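User: Hi! Could you walk me through this structure in plain words?
Analyst: Happy to. Here it is.

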Amino acid sequence: MGALEGHRAAVTGGASGIGAETCHRFAAEGASVAVLDRDEAGARRVAEEVGGVAIVVDVREAGAATAAVRRAADELGGLSDLVTNAGAGRAKPLHAYTDKEWNLLIGVNLTGTFGAIRGAIPILLEAGGGSIVTNASLTGIRPTRGEGPYSAAKAGVIALTATAALEGAPTVRANCVAPGMIDTPLTRMVVDNPAWRAAAEAGTPLGRIGTAREVADVIVFLASPAASYVTGQTIVVDGGSVLPSLQSDHLLRALSRRD
């Protein structure tokens, strides 16, 4: 018997990357899965692979995200888990972002998460229990140059998830994962460039870029009975990349050169 036997899960952004891997891991652990994504072909492909259902939705509209989660519950015959994974990113100086780019990044990353959670909580409360796992980001904890709107959205996801955990307790648990550099379609530009990949790996204590499977495994844990006393937490999945102190590292280099 799998860790999620009998679970019914809706996964936004489920057509690729971490979302698709999460759908596969949930199915492998015994869950029924609804794959939610704006990419209809991708959602249908993953749904077919996992024996689930595909629901096409653009989560930038909160109402659409709410309705899609409700539809997922109807099609699955109930809902026990929500995973909000839909995301979009950009990289440029803060002052160079346009209103359109700001609205896109806030819409996909934060508004979509809100809409999905809003749809799920009443269903989970009525069912007598369940779990919400949101995909935040390391940059929502430690902002990255060039990712101001994305960082702000992901910080909002962390706060929103904590609120869901507080208001949903003791019936509904809600937690975040905060991935660092993970090999997904969103990071392909870095992963496929040997020099950039080497730079990212050099700054990671575990010495490599993470995989979507490694993040999905943490999501499975958070949704499973093994995490029954875990709520309101943000679990960093980054290979230790935030462990070094930039200030201390530079100071120690200077001291070593002096010697």
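User: Let's start with I235: is it buried, partly exposed or exposed?
Analyst: I235 counts as partly exposed, because its relative accessibility is 29%. Buried means under 20% relative accessible area, exposed means over 50%, and partly exposed is in between, using a 1.4 Å probe and protein chains only. Before we go on, this is a predicted model, where local features need pLDDT of at least 70, side-chain atom pairs count only at pLDDT 80 or more, and totals for chains, interfaces and linings use all residues. Residues are numbered from 1 along each chain as its sequence is written, and side-chain values use heavy atoms, with hydrogens and water left out.

User: Where does I235 sit, and what does it touch?
Analyst: I235 is in strand β9, residues 234–237. Helices (H or I, at least four residues) and strands (E, at least two) are DSSP runs, numbered from the N terminus. Not counting residues up to four places away in sequence, I235 touches C176, V177, A178, V218 and L222. A contact means heavy atoms within 4.5 Å. The C-alpha atoms of I235 and L222 are separated by 9.3 Å, and these residues are 13 apart along the chain.

User: New topic: why is β1 called largely enclosed?
Analyst: Strand β1 covers residues 8–12, and four of its five residues are buried, so the rest of the structure largely encloses it.

User: Which strands does β1 pair with?
Analyst: β1 pairs in the parallel sense with β2 (residues 32–37), over five bridges. β1 also pairs in the parallel sense with β4 (residues 81–84), over four bridges. Two strands pair if DSSP finds at least two bridges between them. On the β4 side, T12 stands opposite T84. On the β2 side, R8 has S32 as its bridge partner. From β1 the chain crosses through helix α1 (residues 17–28) to β2, in a right-handed β-α-β crossover. Right-handed means that, with the strands pointing away from the viewer, the path from the first strand over the helix to the second runs clockwise.

User: What about α3: which of its residues are buried?
Analyst: In α3 the buried residues are A62, A65, T66, A68, V69, A72, A73 and L76. Seen down the helix axis, they fall within an arc of 160 degrees, so they line one face of α3. That arc is taken from the directions from the helix axis to the C-beta atoms.

User: And what do they pack against?
Analyst: The buried residues of α3 pack against β1, β2, β3, β4 and α4. Take V69: leaving aside neighbours within four places in sequence, V69 is in contact with L36, L79, L82, A116, G119, A120 and I123.

User: Which residues touch the most other members of the largest nonpolar core?
Analyst: That core has 31 residues, and A34, L36, V69, L79, L82 and I132 touch the most other members. Its largest share, eight residues, comes from α4. A nonpolar core is a set of buried Ala, Val, Leu, Ile, Met, Phe, Trp, Tyr and Cys residues joined through side-chain atoms within 4.5 Å.

User: Last one: is T161 buried or exposed?
Analyst: T161 is buried, with a relative accessible area of 1%. T161 is found in helix α5, residues 148–168. Leaving aside neighbours within four places in sequence, T161 is in contact with T134, A174, N175 and C176.
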